[in-house]
Amino acid sequence: MSEAGGPVFIGSEIYRGSSYGLRHPLRVPRVSTVMDLARSLGWLPQARYRTAPRAKPAALTLWHDPSYIEALQAAEAGHAASDTLLSFGLGTLANPVFPEMFRRPATGAGGVMLAADLLRDGGCIHVPGGGTHHGMPGRANGFCYLNDPVLGMLVLRRAGVRRIAYVDIDAHHPDGVEHAFAGDPDALLISVHEQGRWPFTGALEDDGGGNCFNLPVPRGFNDSEMRAALCDLILPRLDAFRPEALILQCGADALEEDPLSRLSLSNNAHFEVVAALKGIAPRLLVLGGGGYNPWSVGRCWTGVWAVLAGHEIPDRLPEAARAVLSGLQWGGGGRPPPAPGMLDTLRDPPREGQVRPEVRERLRRLAAR
């Protein structure tokens, strides 16, 4: 369970030294930024921190095909032929070959599987290196070589935790998680994601056999609209389901500054969702996910940890924290520097607005189910 009754943060140094390559959106630092910011603010004492272990290949076959795990290891070692790579979705622009292409996702999966073990008796754990929700049993998919949310859910099941709710506020639909759990009456899947955005799944009508609630939202989706989704969809469904464990995939690519979506949330929306979900179930696991602007994703997930750990977010960051943010770079060039306020604060200005008729209508249709 969570140590000393408080929340636990699971991280790793592997994220500091690895990248998908200078042309890939995941060239930017993310988890290491959260660790550095949290420590600079005094929010990550050693008693609250655990290092993610690297999941062993046999453990990953809890859901993934053994042949795929073997291919992923061979690709990292440089022993896989190009046709073998492509048959497993590897060696593409989205899922490139890079030096840590097995060790890095296996560490993310290991952290989430460790969290699931620690939550056996209850608690709250943040694993910002988790949230790779597109991975499929036998292939890489959408920057995701493994599917750690699915692996974490299966570890919880193995520990006797049956009723598991999975809520996803990433800009992209969690097609891999739905693939694993659609139609499972003991799993509730809720996703709020951008309409018309890759992977082009998660239509409003897609109920996954009855346990999936998909809310595709229009571009410009704002804080007020996320609050409506929280109050009219997420909270009522969780209340009716009464989960024994709740997993929140807290992708930061739905923020306005992110280059891979056209949504307009501030990080206040994420903080509000996290705060609302804290007391819903005896076990809470909060994952990272998407997020491709180094300043917005680092600030968002550090603020998520503040909400979970009960720290007050300051109006202005101390010098040590500002130095962390000032030291970030896009890598690869071609992107503008951050707005000055992003170097001085964690909390964005609110981005409230109208709850548009199409959002209300989609929420009404989901509520009618």
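Modeller: On a 1 Å grid over the protein atoms alone, a cavity is a set of points where a 1.4 Å probe fits but cannot get out, and lining residues have an atom within 4 Å of a point. Points are joined across faces, edges and corners, and a volume is the space filled by probe spheres set on the points. Rolling a probe the size of a water molecule over the atoms shows where empty space is left.

A word on the model itself. It is a predicted model, where local features need pLDDT of at least 70 and side-chain atom pairs count only at pLDDT 80 or more, while totals for chains, interfaces and linings use all residues. Residues are numbered from 1 along each chain as its sequence is written, and side-chain values use heavy atoms, with hydrogens and water left out.

The largest cavity has a volume of about 50 Å³. Its lining is made up of Tyr166, His173, Pro174, Glu178, Leu189, Ile190, Ser191, Cys212, Phe213 and Asn214. By class, the lining of the largest cavity has 6 nonpolar, 3 polar and 1 charged residues. Here Ala, Val, Leu, Ile, Met, Phe, Trp, Tyr, Cys and Pro count as nonpolar, Asp, Glu, Lys and Arg as charged, and the others, Gly among them, as polar.

The second largest cavity holds about 30 Å³ of space. Among the residues lining it are Ile10, Tyr15, Val31 and Ala52, along with Gly129 and Gly130. No charged residues turn up in the lining of the second largest cavity, which splits into 6 nonpolar and 4 polar.

Now for the open spaces. A pocket is an open set of grid points with protein on both sides within 12 Å along at least five of seven lines. In the largest pocket there is about 600 Å³ of space. It is lined by 40 residues, and Leu26, Gly142, Phe143, Cys144 and Tyr292 are the closest to its centre. Helix H1 (31–40) and helix H5 (103–118) each give at least two residues to that lining, and H5 has the largest share, with 3 residues. Sorted by class, the lining of the largest pocket has 16 nonpolar, 16 polar and 8 charged residues.

The second largest pocket comes in at about 250 Å³. Of the 18 residues that line it, Glu257, Asn293, Pro338, Ala339 and Met342 lie nearest its centre. Helix H10 (294–309) and helix H12 (341–344) are the elements that give two or more residues to this lining. Its classes are 9 nonpolar, 3 polar and 6 charged.

One last stop is Asp258, in the loop between strand S7 (245–249) and helix H9 (267–277). Asp258 is buried (under 20% relative accessible area, with exposed over 50% and partly exposed in between, using a 1.4 Å probe and protein chains only). Even so, Asp258 has no salt bridge (a side-chain nitrogen of Lys or Arg within 4 Å of a carboxyl oxygen of Asp or Glu). The nearest side chain of opposite charge is Arg262, 7.1 Å away; Lys and Arg count as positive and Asp and Glu as negative, with His and the chain ends not counted.

Conventions:
Helix = DSSP H or I, 4+ residues; strand = E, 2+ residues; numbered from the N terminus.
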